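My plan is to pick a few spots and jot down what I find.

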Amino acid sequence: MPKTLNPLQLVADRWQPSDRFVRRAAFACVVMAVIIVVTGGAVRLTQSGLGCPTWPTCTEDSLTPTPEMGINGVIEFTNRMLTYVLCAVVGLAITAARARAPRRRSLTRLGWAQFWLVASNGIIGGITVLTGLNPYIVASHFLAATALLTVAVVMWRRACEGDEEPRDLVARPVRQLGWVLVVTTALLIVVGTVVTGSGKHAGDAKKDVHRIPLDVREITQLHVDLVCVVLGLIIALWFVLRAVQAPAVARRRVMELFGVLMIQGAIGFVQYVNDSPEFLVGTHMLGSCLVWIAVLRLFLSLRDRGELLASVPAPSGGHEALQPAAASSR
């Protein structure tokens, strides 16, 4: 039987991207994952959640918004189109990872994981519209986007390091403290979606949108309490990393996380006392992404997979020579 042609293999036979290009493609996925969260928030904050009242088309008779739908239809449709931009960026990352020599299956798997997360989140977004902005579906839409951001950050990090078995750079209890920080921050983000689902920004001003039946002040207080817990864990981890003389990069990452969380907390406080103005809510959503990225970068800095091996073209007829490559994005 003739061998089946693989389009990605055909690309790999004709194009050898540099390690820097692969890293940049992976980083572009991180940027786009953040952008899709922020623009999704803009849709809700501009009351454009039902700007296109159906899905997958914008109206029953039109794929695109009509003039009668006004700016809300344009905003919602633009956000839908950004999903295709995100798919293109993820596709580029998959292709670059597949074409790199030597081949790194871990990178291509992470790229494909992002593709399926984008596809599933697109379906969740459609269900969000079809259910009239059900707050529980809206929350799952945001959490799926956060899952996409998680995989994108992991791929970015993996593009900067080798493929050796993970080696702890700190003692196991310190790594466990890092795990507790990650889990607590994830819980903080989940509770944040509940605050949003019970708050005033429903996503559409023309329709009585169902809200999560909880007291927004009480759930906000829980959110603040979790911020305090996360802050305490960060401070504890900072002292522990100094005590065990952890690598400088880990100590730097914990300070970065501390700074981002402080800014995010200040934005959240001003947002709360001013009755959640739209701009600050959107900025807070951006801050949520940055906090999560900082947490993941800190946790991933507590282990090592060795130096990245770069392929160097060998003399004619020879084999590939592999040597360590500097990972500037660490």
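Which residues is Leu241 in contact with, leaving aside its neighbours within four places in sequence? I looked it up: Val170, Val174, Ala246, Ala250, Arg251, Val254 and Leu302, where contact means heavy atoms within 4.5 Å.

Some ground rules for myself. This is a predicted model, so I keep in mind that local features need pLDDT of at least 70 and side-chain atom pairs count only at pLDDT 80 or more, while totals for chains, interfaces and linings use all residues. Residues are numbered from 1 along each chain as its sequence is written, and side-chain values use heavy atoms, with hydrogens and water left out.

Next I went to Val174. I found it in helix α6, residues 172-198 (helices are DSSP runs of H or I, at least four residues, numbered from the N terminus). Val174 counts as buried because its relative accessibility is 6% (buried is under 20% relative accessible area, exposed over 50%, partly exposed in between, with a 1.4 Å probe and protein chains only). Not counting residues up to four places away in sequence, Val174 touches Leu237, Val240, Leu241, Val244 and Leu302.

Then the loops. Gln245 sits between α7 and α8, and I noted its positive phi of about 55 degrees, although it is not a glycine. With 70% relative accessibility, Gln245 counts as exposed. Ser276, in the loop between α8 and α9, also has a positive phi, near 55 degrees.

Last, I checked two prolines. The bond from Trp55 to Pro56 is cis, omega near 10 degrees, and Pro56 is in the loop between α2 and α3. Ala101 and Pro102 are joined by a cis peptide bond too, with omega about 0 degrees.

Terms used:
Helices (H or I, at least four residues) and strands (E, at least two) are DSSP runs, numbered from the N terminus.
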